[in-house]
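I opened my notebook to go through one protein model, stop by stop. I wanted to write down what I looked up and what I found.

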Amino acid sequence: MKSSSVLALMAMISLSVSACSPSGPATSPQDAARSGSSTGQPDRTLILVTRAEPRSLALRPVGTGASFQGFALSKRLLNADLVLLDDAGSPHLYLAETSPQLNTDTWRVFPDGRMETTWKLKPNIVWHDGTALSAQDFAFSWQVYLAPDFALMTAPPFAAIEEVVATDSRTLMVRWRRPYPDAGQMTGNRDLPALPRHLLEASFQSGDLNAFANNAYWTREYVGLGPYRLEQWEPGSFLVGVAFDRHVWGAPKMSRVKLAFIPDMNAAQANILAGDVHFVDSAITIDQALTLKADWEKRGAGVVAFLPDLWRTTGVQLRPEYVAPSALLDARVRKALAHTIDKQAVNDGVYRGVNTPSEFFVPADGPWGPALAGAVQKYPYDLRRSEQLMGEAGFTKGPDGMYLRPGEGRFKVELKSGVERADEMTAMASGWRDAGFDVQDAVLPAALATDPAARITFPGLFSYSTPYGDLTLFVYTTDQIPRSENNWRGGNNRVGWSNAEYDRLSDAFERTLEPSQRATQVAQMAKLFTEDLAYIPLFFLNQASVWVSGLQGVASAPKSSDLLWNIHEWELR
């Protein structure tokens, strides 16, 4: 390591939030890239870092606990979809040569609401093992995801599909049981990815779905269609991909890629400062990223971009059997609590001003922004309005300045959060107490972080993070409420909010093809959601993506979180 790098590393670590020494994998990402390289030159290896190791490399894994959320790096490296969205959210044909167009023979809508859409695949596409991709691979994947054991049939787009058939090797027809507005752009969390029938069909047809879900294909023997082919996976450490020369968009510019898993944020910071890695995705803290940004901008050494990742909200328990105090069932009390949150102060104090305060989980700067402008009910920091609402609900302030109601005594409520957001929870609870609300903060123990009952049966308030955007409008419907009788399965409607009109609108939104009608539906849902205020909006959480100046091809002015769409064009110079 050069002496200048050592000095920079020491200075940066001393400014880090945590003063502990960096620790990480026994093998550095740079050494791992050399040791895992069997072809190509070491200096042509692109070295990436992420915090979490994926459970599967597939776009849509199967089996208990499988998730297709997150792990964007590993999935983008090894996979391809019919359509891919760029960093601005615009679609590009990927595996598809043509996509369905409404009111043409490729997208037919029948009088009873059923539809047929037709996709044409590009010619000469092959899997990483050289086997030709066929439309039958998509029809086979539909049969796999249809299996009740994999619990995907209630997720978009599967709930709307009646049948998927291959009319020839390059033509895919999807028959829909109802109108589905995204039928011509199935990508991201609403895609129908192909599965290699030649590798998986025999295992699937055996009937042992547990064995099928645990097939080595999904992990260390993965075969995909993306720009890189899996060569090596060292569990707990890294995976290596080699350039796939027959990639449908052409061979990647980098001959090799190494993706290291480094959960220790100090170790990730140390590696990029030492020049051992080129791109870090959501693996360093906000403070580390801001410190790095200040240093790099002066020297032109790299880029630090903060991109939206999740929506942050405080859910208010609405199940009568769990809620305490019962006053939380009064919307005026919920609104009074919302008016007492100084979001910008919390953002500045806890998140260094990096996040974006929000009023609804669909961003106002997105395509539905004009429709949301007059519909979303806002609750700015306003202590006088908060006190007025509490008065309307029958509360007054006692001699100690805390709210109470005759016959009930002091208003007391518990605020919970995961340990990773304890600073935010403490700041919010303190602000509420200063305003007269007796709020006690309580961290959810790490041992219970994955226990669904613990996340759902809380008595008062619970702050948590969730996906955002119009694709999550269906999450807050009545049928997405987790319940004991379904083992707490469901969407993120953790508080038990139920609104029949919202349910109707959500269902209509999923079936309406006309954009102007859909805009009206979004506006009406936003109004209902923010008026009932079962979920108090906080922020759009931003995560830091960091890359060195020598890495060319990454979006210079990213507009969304999908920086990775053109990773085959990334190049070190």
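These are my entries, sorted by region.

**Entry 1: what I am looking at**

I note first that this is a predicted model. I keep that in mind for each entry below.

I began with strand β6, residues 115-121. How many of its residues are buried? I found 6 of its 7 residues buried, so I call the strand mostly covered.

Next I looked up which strands pair with β6. Strand β4, residues 96-98, pairs with β6 in the antiparallel sense over 2 bridges. There, Thr98 stands opposite Lys120.

Strand β5, residues 107-109, also pairs with β6 in the antiparallel sense, over 3 bridges. Arg108 has Glu116 of β6 as its bridge partner. I then checked the turn of this hairpin. It has 5 residues between β5 and β6, and Gly113 takes a positive phi near 95°.

Strand β8, residues 171-176, pairs with β6 over 6 bridges, again in the antiparallel sense. Met115 stands opposite Trp176 in β8.

A reminder to myself: strands of a sheet pair through backbone hydrogen bonds, either parallel or antiparallel.

**Entry 2: a sheet of three strands**

I moved on to an open sheet. Its strand order is β15-β16-β17, and the pairing is antiparallel. Which strands stand at the edges? They are β15 (396-397) and β17 (409-410). Each has a single partner strand, so one side of each is left without a neighbour in the sheet.

β15 and strand β16, residues 403-405, are joined by 2 bridges. Thr396 has Leu404 in β16 as its bridge partner.

Are the two partners buried or exposed? Arg405 has 17% relative accessibility, so it counts as buried, because the cut-off is under 20%. Glu408 has a relative accessible area of 49%, so it is partly exposed.

**Entry 3: a β-α-β unit**

Here I looked up a parallel pair. Strand β18, residues 412-418, and strand β19, residues 438-444, run parallel and are joined by 7 bridges. Lys412 has Asp438 in β19 as its bridge partner. With helix α13, residues 422-434, the two strands make a right-handed β-α-β unit.

Helix α13 also holds one end of a salt bridge. I counted 28 salt bridges in the structure. In one of them, the side chains of Glu424 and Arg312 meet at 3.0 Å, N to O. This pair links distant parts of the chain: Glu424 is in helix α13, Arg312 is in strand β13 (residues 302-316), and they are 112 residues apart. Both Glu424 and Arg312 are buried.

I went to Asp264, in the loop between β11 (256-261) and α7 (265-273). How far away is the nearest side chain of opposite charge? It belongs to Arg51 and is 8.4 Å away. I did find a polar atom of the Asp264 side chain 3.0 Å from the backbone nitrogen of Ala267.

**Entry 4: around Thr512**

Thr512 sits in the loop between α15 (500-509) and α16 (515-532). Its relative accessible area is 11%, so Thr512 is buried. What does its side chain contact? It makes a polar contact with the side chain of Gln521, at 3.0 Å. Leaving out residues up to four places away in sequence, Thr512 touches Pro181, Gln517, Arg518 and Gln521.

I also looked up a salt bridge between Asp507 and Arg511. The closest N and O atoms are 3.0 Å apart. Asp507 is partly exposed at 39%, and Arg511 is partly exposed at 35%. Elsewhere, salt bridges that share partners join Arg44, Lys253, Glu571 and Arg573 into one network.

**Entry 5: last stop**

I ended at Pro370, in helix α11, residues 369-372. Pro370 has a relative accessible area of 69%, so it is exposed. I compared its position with Pro111. They are 259 residues apart in sequence and 31 Å apart in space, C-alpha to C-alpha.

Note on methods:
Residues are numbered from 1 along each chain as its sequence is written. This is a predicted model: local features need pLDDT of at least 70, side-chain atom pairs count only at pLDDT 80 or more; totals for chains, interfaces and linings use all residues. Side-chain values use heavy atoms; hydrogens and water are left out. Helices (H or I, at least four residues) and strands (E, at least two) are DSSP runs, numbered from the N terminus. Buried means under 20% relative accessible area, exposed over 50%, partly exposed in between (1.4 Å probe, protein chains only). A polar contact is a pair of N or O atoms within 3.5 Å; within protein, one must be able to donate a hydrogen and the other to accept it, and residues adjacent in sequence count only if both atoms are side-chain atoms. Contact means heavy atoms within 4.5 Å. Lys and Arg count as positive and Asp and Glu as negative; His and the chain ends are not counted. A salt bridge is a side-chain nitrogen of Lys or Arg within 4 Å of a carboxyl oxygen of Asp or Glu. Two strands pair if DSSP finds at least two bridges between them. A crossover is right-handed if, with the strands pointing away from the viewer, the path from the first strand over the helix to the second runs clockwise.
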